[in-house]
Amino acid sequence: MSNASRVTERDARRVAEQSRQTEWEHDSFARQLYLGDFRPELVWESERLDPEVRVRGDAYLARLERHLRENVDGSVIEAEDRIGDDVLAGLIDLGVFGLKIPPEYGGIGLGQVHYNRTLMLLGSAHPSIGALASAHQSIGVPEPVEQFGSEELKHRFLPRCAAGAISAFLLTEPDVGSDPARLQAAAVPTPEGDYLLDGVKLWTTNGVLAELLVVLARVPEHEGGRGGITAFVVEADSEGITVEHRNSFMGLRGLENGVTRFDGVRVPAENVVGREGQGLKIALTTLNTGRLSIPAMCVAGSKWALGIAREWSNARVQWGRPIGRHPAIGHKLAFMAATTYAQEAVVEVAGAMADSGGVDIRIEAALAKLWCSEMAWRVADDLVQIRGGRGYETAASLRARGERAVATEQLLRDLRINRIFEGSSEIMHLLIAREAVDTHLSVAGPLIDPEAGGAEKSAALAAAATFYAGWLPRLAAGPGTLPGSFREYGPAASHLRYVERASRRLARSTFYGMARWQGRLEHKQGFLARIVDIGAELFAMTAVWAHADREGTGADGTPALTADSPAVLADAFCRQSRRRIDSLFRALWINTDAHDEDVARRVLDGEFTWIEAGVIDPSAGTGPWIAEDHRGPSSEPNVRRRYRTSTVVR
């Protein structure tokens, strides 16, 4: 039995809690939203870019767009399942691998807003290019080293990354996904003070061609060190590293993602990022802004889908008129347009919040990733439906028979991973829910903790009584019930009043759930997911008006409802969102969760295997569900791809 199989649910929870960032040094719009305290000024105040930053960022985007249009053919990448060396060289020359790295380390020094827009451009050229750049910059070497690395580490590695040394982030293992307590990769200290790294990492995006790796491994407790999961920067050509396999996927053709084995790889002590035992916290903190890369590329996909849907719905005529003039298609177009604009607003607002430095966006970034990945999938699915049979046909086939090579089915394949990348939607629901109830747990947690002692429970009871005596009455009424409130926001006012009312209702519902289920609340995942989804929609409603305010204001400085103004789309989105929110509120208490969970248990127990009869399973006998974890040297050829000369400074 492996160590991973002996990890209990309580062990896993403890590791996850220890790696959480518990302090709140800045205000958080989403955190307050879940507590029933709607503060739109936190969103509006961050939506202002420094003019100099805007000019510099826009100039870079224009240069990049010209290069991509003239030099990158996404259909070639799709056909060859490879981003060619010439494309990589062009990206290196444009500084794509140093987008957020400060100029003093050789980078471009873009802020989060323009970085997100850059990823949109790259992803529209081909999604694998966007994934390549984001995996390198958002979670690879640059971000954790810049945030947690010593000055020595920064000077050693950031200039190399900016010069084109592609990096990768290696956490996942064959039997370890979102449960880091099961991590098996080990980094054992040597008498000389270095570490010997052993283990296997799976789904290593960029790992096939990376020059530098961030690897998370478990250090045993030792004399002079606390041990624990630790982050290391590792040279990819170190002795003992083998890229054993290049993975292939449903979409993202061209993605250099593989399986990497470490066998006695010596890593210098100075390559530790942060401290021993800080690895998971580094990973999670890095993802606070790193997760914004996923929604940025979702926006790119939705924008393209909307353009294709609009053009096709005008060109295709059925029953005497363009199909877009039929309400059945028109409803889809309205949803696609409003939702695409809202996705862009969420990404722009979250990026501006990150750039402002005065707001904690850990929840906002997670909400953006969750909500945009789900909504972009719906937009893409609607495009396939609008295109009909042509939506299911490949671009190459369309081109071969003389029609426009619209890669609709590719969009669906490429976008699907975003609901899994960097935390699946199910995991994101749990992660956000934990943050949403953090204040409650900090006050009343010991009351529902079976391990808490009598003294702890007594102290918690007194603290909870004080907190809730002041907090609960404030949820009864607020500015959302006053017809004239939020008038300074112009046509957004009525929707913002709804958000304020819904925020208080959401906080009350969360409290009722805690009171009803207490310690069992963590297992009420259907309830918690709906709580999170309501908050995501409320965040999007607020963001869409802040974005519309910046893009199209009237003489009085508020969003103008002219025929083609952004406020029209913002209004349409909010009307649609309110219907979804109302349904989610009803489903908090009226649902089939208990029955579904009972059926699922019985399915797992094998009670209904008869329904599976009558089909053939071609996968039967092809291998185990999870590859066996074995240590030692690799028996496979090294498929690592070398794309350029090394940037190592000797």
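Reader: Which residue does the side chain of aspartate 81 meet in a salt bridge?

Author: This is a predicted model. In the protein chain, a nitrogen-to-oxygen distance of 3.2 Å joins the aspartate 81 side chain to its partner. A salt bridge requires the two atoms to be within 4 Å, and the partner here is arginine 246.

Reader: How many residues apart in sequence are the parts that this pair of aspartate 81 and arginine 246 ties together?

Author: Aspartate 81 sits in the loop between helix 5 (74-80) and helix 6 (85-93). Arginine 246 belongs to strand 6 (residues 241-246), so the pair ties together parts whose separation in sequence is 165 residues.

Reader: Does aspartate 81 count as buried, partly exposed or exposed, and what about arginine 246?

Author: Buried means under 20% relative accessible area and exposed means over 50%. Aspartate 81 has 25% relative accessibility, so aspartate 81 counts as partly exposed. Arginine 246 has 23%, so arginine 246 also counts as partly exposed.

Reader: Which residues are linked with Asp81 and Arg246 in a network of salt bridges?

Author: Asp81 and Arg246 belong to a network held together by salt bridges.

Reader: In the salt bridge of arginine 601 and aspartate 605, which class of exposure does aspartate 605 have?

Author: The side chains of arginine 601 and aspartate 605 meet at 3.4 Å, N to O. Arginine 601, at 42% relative accessibility, counts as partly exposed. Aspartate 605 is at 53%, and the cut-off for exposed is over 50%, so aspartate 605 counts as exposed.

Reader: How many salt bridges does the count come to?

Author: The charges include 74 positive and 86 negative ones, with mean positions 6 Å apart. Pairs such as arginine 601 and aspartate 605 meet in a salt bridge. The count comes to 42 salt bridges.

Reader: What radius of gyration does the protein chain have, and why does it agree with a compact globule?

Author: The protein chain has 650 residues, and a compact globule of that length would have a radius of gyration near 26 Å. The value for the protein chain agrees with this, because it is 25 Å.

How values were computed. Residues numbered from 1 in each chain as written. Predicted model: local features only at pLDDT ≥ 70, side-chain atom pairs only at ≥ 80, totals over all residues. Heavy atoms only, no water. Rg over C-alpha atoms; globule rule 2.2 N^0.38 Å. Lys, Arg positive; Asp, Glu negative; His and termini not counted. Charge placed at Lys NZ, Arg CZ, Asp CG, Glu CD. Helix = DSSP H or I, 4+ residues; strand = E, 2+ residues; numbered from the N terminus. Buried < 20%, exposed > 50% of the residue type's maximum accessible area, 1.4 Å probe, protein only.
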